[in-house]
Amino acid sequence: IIPHLRGDQRSRTIESIVAEARQLAAQGVQELVLISQITTNYGLDLAGKPQLAELLRALGEVEIPWIRVHYAYPTGLTPEVLAAYRDVPNVLPYLDLPLQHSHPDVLRAMNRPWQADVTNGVLARIREQLPDAVLRTTFIVGYPGETEEQFQHLLDFVAEQRFDHVGVFTFSPEEGTPAAELPNQVPAEIAAERKDRLMALQQPIAAERNAAWVGRIVDVLIEQENPSSGEMIGRCARFAPEVDGEVRVMPGEGGLCAAPGTMVPVRITAADTYDLIGEVVGAKAMVQDALSMQRAQS
């Protein structure tokens, strides 16, 4: 529906994006989010081939701590793009893959027949080249014609892949799209029940992925604070703004705090299904942790 409403995707030049990024960096911006309908197609209309890898490398020269990419289609994650993720320090290994479904027949009905053959291979390649990758995806359940068997295929896929973050939507017919006219529309109550089942499957997986971060020291971008409790709310690199969880941060030893808009080291002390909890870490504690790690490795 997006091209129908807004027209074809149009890419800004690398020079234009880098210039804006430098302006934002000068203003103290800590995170830059690259977003479009199909971000992995960036530059296709300008150069006749995608240029996301070149854009990421150019943005690596800008002094912004975090660069995050949303909506990376599987076929666009070429070896060159994954190498840019790996090589450019401020490009976060966070991949938002709008997979939509796993069953070949449903993907074919969605006009994505190519995706069924590449999804597992791409996910394996991402995890091989980016071992610390955080993977987010979204799925649509109740697409016209989706059978219980096809939905079970999706459940099995999610159980196997163990994504960090999963969003689930029920199909909604959009006027003017071919899908709105498809036969075998799935009743709303069945679509809603499938959404609940998929989310129930994902929740313990998300909790397990979060729990793996307990004990680590991570950079947290503070976004707000509660003056009465002293608690601060922010995000670490594994959480994108507005769609993922948050890190609830308590002052560290000696009342160490941080103002909104700043990035501070935080030791993660607890986790739940969607959020992390931690405390600000001072320089002394960071040195002690580094020495302990060195002793453990030796």
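Val33, Ile35 and Tyr71 make a nonpolar surface patch of about 250 Å² in this predicted model. Patches are built from residues with over 30% relative accessible area and no salt bridge; nonpolar side chains (Val, Leu, Ile, Met, Phe, Trp, Tyr) are joined within 5 Å, like charges within 9 Å. A salt bridge is a side-chain nitrogen of Lys or Arg within 4 Å of a carboxyl oxygen of Asp or Glu. Accessible areas follow the Shrake-Rupley method with a 1.4 Å probe, and for residues only the protein chains shown count as cover. Ile35 is found in the loop between β1 (31-34) and α3 (44-47). Helices (H or I, at least four residues) and strands (E, at least two) are DSSP runs, numbered from the N terminus. Ile35 is exposed, at a relative accessible area of 54%. Exposed means over 50% relative accessible area, buried under 20%, and partly exposed in between (1.4 Å probe, protein chains only).

Residues are numbered from 1 along each chain as its sequence is written, and side-chain values use heavy atoms, without hydrogens and water. As the model is predicted, local features need pLDDT of at least 70 and side-chain atom pairs count only at pLDDT 80 or more, whereas totals for chains, interfaces and linings use all residues.

Strand β3 (residues 91-100) is largely enclosed by the rest of the structure, because 9 of its 10 residues are buried. Strand β2 (residues 66-69) pairs with β3 in the parallel sense over 2 bridges. Pairing requires at least two DSSP bridges between the strands. Val69 stands opposite Leu95 of β3. Leu95 also stands opposite Leu135 in β4. Strand β4 (residues 134-141) runs parallel to β3, and 5 bridges join them. Together, β2, helix α5 (residues 79-87) and β3 make a right-handed β-α-β unit. Right-handed means that, with the strands pointing away from the viewer, the path from the first strand over the helix to the second runs clockwise.

Gln150 lies in helix α8 (residues 148-161). Gln150 is buried, with a relative accessible area of 11%. Its contacts (heavy atoms within 4.5 Å) are His101, His103, Asp105, Val106 and Gly145, leaving out residues up to four places away in sequence.

Most residues other than glycine have a negative phi. Asn111, not a glycine, has a positive phi of about 65°. Asn111 is found in the loop between α6 (104-109) and α7 (119-129). Asn111 is exposed, at 62% relative accessibility. Glu242 also has a positive phi, near 75°. Glu242 is found in the loop between β7 (232-235) and β8 (247-250). Glu242 is exposed, with a relative accessible area of 84%.
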